[in-house]
Amino acid sequence: MNSFITFALLSLLLALNSNPSYASGRNHTDDTNACRVTRYSRYIKNACSVTQNQQLCFRTLWPFAIVAKNNSSKWARASVAVTITDTKQILRLLLKTRSSAVGKRERVALSDCRELFVDSLGNLYKSLAVLRKLDADEFQQQMSDLATWLSSALTDEDTCLDGFEETSIRSSTVRMIRRRATRCMQLCSNALALLNKLAYDGL
């Protein structure tokens, strides 16, 4: 992960320095940008340190570092939003995949996955809605509801993957679905970890 972080930080620093408006006062600007990038790096490393899939966490949540900073609720909300985006993408793939393109066993797994990801998406949307209106007086109940919904979404995605375990890996369609489902499951796991961090940190 360290090499990836270094590359990302250098890329951001180069992007900041490529702006023509920085032509004057170059040295001061370079120092300012370097400090800013270092600060953002600390924010995201701190947030992603609680997740199991840290490189994926860093790669998908890096754009939110400027806004989220050290705010646990913003990191949790960003993580759920990212998971929703990926879940919608795999759901579109599942709906577009024709049953005739796969074998009988794969058709069953495909049908189950469609239902599971629809349910997962519903739970993710409910979670995002609550994260957008957290309230100190209802915080404990909200955390309980969010943990239930995100755990359910994670279980749905895991169950989808289980359904493809005994299917043919020679099918490019099956391989793609399994790869996308695995990524969604990892993102959801990260979201749940960041929710637990929020529950611990409080508002």
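What is the handedness of the disulfide of Cys 113 and Cys 160? The torsion about its S-S bond is about 100°, so this disulfide is right-handed. The model is predicted: local features need pLDDT of at least 70, side-chain atom pairs count only at pLDDT 80 or more, and totals for chains, interfaces and linings use all residues. Residues are numbered from 1 along each chain as its sequence is written, and side-chain values use heavy atoms, with hydrogens and water left out.

**Disulfides**

- Two disulfides are counted, a disulfide being a pair of cysteine sulfur atoms within 2.5 Å.
- The sulfur atoms of Cys 113 and Cys 160 lie 1.8 Å apart.
- This pair links distant parts of the chain, with Cys 113 in helix α6 (residues 104-131) and Cys 160 in helix α7 (residues 139-163), 47 residues apart; helices are DSSP runs (H or I, at least four residues) numbered from the N terminus.
- Cys 48 and Cys 57 form a disulfide with sulfur atoms 2.0 Å apart, and this link is left-handed, with -80° about the S-S bond.
- Both Cys 48 and Cys 57 are buried, that is, under 20% relative accessible area (1.4 Å probe, protein chains only).

- Cys 184 counts as buried at 1% relative accessibility, and Cys 188 is buried at 0%.

**Helix packing**

- The axes of helix α5 (residues 72-96) and helix α8 (residues 172-201) come within 9 Å and cross at roughly 160°; axes are lines fitted to C-alpha atoms, for helices over the stretch in contact, and angles run from 0 to 180 degrees between N-to-C directions.
- Helices α5 and α8 are therefore roughly antiparallel to each other, the term for angles over 145 degrees.

Note on methods. Helix = DSSP H or I, 4+ residues; strand = E, 2+ residues; numbered from the N terminus. Parallel < 35°, antiparallel > 145°, perpendicular 65-115°, else oblique. Buried < 20%, exposed > 50% of the residue type's maximum accessible area, 1.4 Å probe, protein only.
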